[in-house]
Amino acid sequence: MSITQHDLRHYLETAEELAARVAENSELIDRDCQIPTELAMEMADKGFFRLLLPRRLGGAELDHPDFLRILEIFAAADGSTAWTLNQNNVWSTNSVRIADQTAREIWSDQRAVVANGPPTPSAVAVPVDGGYKLSGRWFFSSGSSHATWIGALAPVRPAGNQPTAGESLRVLLLPKNEVDFLPGTWEVSGLRGTASFGFEINDVFVPSDRTYEQNGEPIDDGPLYRIPRTLLFSSGFSTVALGIAGASLKVSIDLSSTRTQARARGLMQEQKTTQRLVGEAEAILRSARAFLQQSASSIWESAYNGEILTTEQRINLRLASTHGIRQAARVVDTAYELVGSGSIFPTNPIHRRFQDIHVITQHIQGRSTHYETAGQFFLGLEPEGNF
């Protein structure tokens, strides 16, 4: 059953209030490479890290299109905050693959957040009596500063064995205090506030009931959990990118009504070049957003009705997500150009958004090779890729 309209209205209104506070702290978030602790805890207390968590675990279990609406509100305020909201919320859908006792152990804490990161070749889980001994390094663990648990993906391999093709992969769950974070591993140009630091684990025992198969069958059968996680991640990150683009364009439009460019007569908004660029940018932004929303809505409708998602639906959302990210970057580039020389200074509101969007284009979800996957499908070939 969907969340009531009353509850959804509450989340939307609270999102606006929290996003205003996020916007006020955006420079601090960027400088300190994390959401301020007090603000992150307030977001947790108000349920914004459990928007996609099952209701049986105390989550909102929002309809996915409604979650994307909330995500775009935060993206307009700060890309890093919106990014961690998507990462941590989508990851929480893994709760339906975790032993119920462990899931309740983790999410009985209202402030529970699980951060994760892809493994390096050093990662390995060695089977032992009652569980695994885990060692290795992982990077890009977005939300690590406010996380309470860590999910570490690792290949399962007996001690002393060499890697083999097709070896089993498991996710192992550890309280954050059992992990050593690696300072200096998130010195980047954009999305600095995501606190995507690396972490290291050295021969730590993890009991079997705190592990699960990454692609195991879900315990819950709600529509959210019928959608492939990669599509939940991709559509969310694309929404973040488009939110950043919309906010960037607004910055340039607002400035154009008060600024005159060097060696030009009249305000920027009176210049034909400005008018054309803004018109083109609006068309690009609205088209990309409409394609994403249409594709995401189609997936949601089928999942909600218990229908099997078609390959075409999954390909469309894969394509719309990547296209949204790439087109969002075009819009931000236009806004950056319109702002002129002022855009190169960190104090200018367009500067951080320019940095953020170009980090997003480097993420696997924004990779242009996803166009090839879609092209293969439309050409009648067997599509390769993750969709």
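The legends below describe close-up views of a predicted model.

In this predicted model, local features need pLDDT of at least 70 and side-chain atom pairs count only at pLDDT 80 or more, while totals for chains, interfaces and linings use all residues. Residues are numbered from 1 along each chain as its sequence is written, and side-chain values use heavy atoms, with hydrogens and water left out.

**View 1. The open sheet of four strands.**
The 4 strands are arranged in the order E1-E4-E5-E8 as an open sheet with mixed pairing; strands (E, at least two residues) and helices (H or I, at least four) are DSSP runs numbered from the N terminus, and two strands pair if DSSP finds at least two bridges between them. Strand E1 (114–117) and strand E8 (211–213) are the edge strands, each with a single partner strand, so one side of each has no neighbour in the sheet. On average, and with direction ignored, neighbouring strands of this sheet are turned by 30 degrees against each other, where axes are lines fitted to C-alpha atoms, for helices over the stretch in contact, and angles run from 0 to 180 degrees between N-to-C directions. Strands of a sheet pair through backbone hydrogen bonds, either parallel or antiparallel.

**View 2. Bridges from strand to strand across the sheet.**
E1 and strand E4 (residues 149–155) run parallel and are joined by 4 bridges, with Ala115 opposite Ile150 in E4 and Gly117 opposite Ala152 in E4. Between E4 and E5 there are 7 bridges, and these strands run antiparallel; here Ala152 stands opposite Leu172 in E5. E5 and E8 also run antiparallel, joined by 3 bridges, and the bridge partner of Leu172 in E8 is Thr211. Of the 7 residues of E5, 6 are buried, so this strand is largely enclosed by the rest of the structure; buried means under 20% relative accessible area, exposed over 50%, and partly exposed in between, with a 1.4 Å probe and protein chains only. In E1, Val114 and Asn116 point one way and Ala115 and Gly117 the other way, and all are buried.

**View 3. Helix H5 and its aromatic pairs.**
Helix H5 (residues 79–92) lies across E1, E4, strand E5 (169–175) and E8, running at about 100 degrees to E1. A search of the whole structure finds 11 aromatic pairs, for which rings of Phe, Tyr and Trp (its six-membered ring) must have their centres within 6.5 Å, with planes under 30 degrees apart counted as stacked, over 60 as edge-to-face and the rest as tilted. Trp83 and Phe237 form a stacked pair, 3.7 Å centre to centre with 15 degrees between the planes. Because Trp83 lies in helix H5 and Phe237 in helix H7 (residues 229–256), this pair ties together parts that are 154 residues apart in sequence; both Trp83 and Phe237 are buried. The rings of Trp91 and Tyr212 have centres 6.5 Å apart and planes at 75 degrees, so this pair is edge-to-face. Trp91 in helix H5 and Tyr212 in strand E8 are 121 residues apart, and their pair links distant parts of the chain; Trp91 and Tyr212 are both buried.

**View 4. The crossing of helices H7 and H10.**
The axes of H7 and helix H10 (residues 349–360) come within 10 Å and cross at roughly 155 degrees. This makes H7 roughly antiparallel to H10, since angles over 145 degrees count as roughly antiparallel, under 35 as roughly parallel, 65 to 115 as roughly perpendicular and the rest as oblique. The contact (heavy atoms within 4.5 Å) is made by residues including Val240, Ile244 and Val251 of H7 and Ile350, Arg353 and Ile357 of H10.

**View 5. Thr102 in helix H6.**
Thr102 is found in helix H6 (residues 100–107) and is buried, with a relative accessible area of 2%. Leaving aside neighbours within four places in sequence, Thr102 is in contact with Leu173, Asp209 and Arg210.

**View 6. The hairpin of E2 and E3.**
Strand E2 (residues 124–128) and strand E3 (residues 131–141) run antiparallel and are joined by 5 bridges, with Val124 opposite Ser135 in E3. The two strands form a hairpin with 2 residues between them, and Gly130 in the turn has a positive phi of about 85 degrees.
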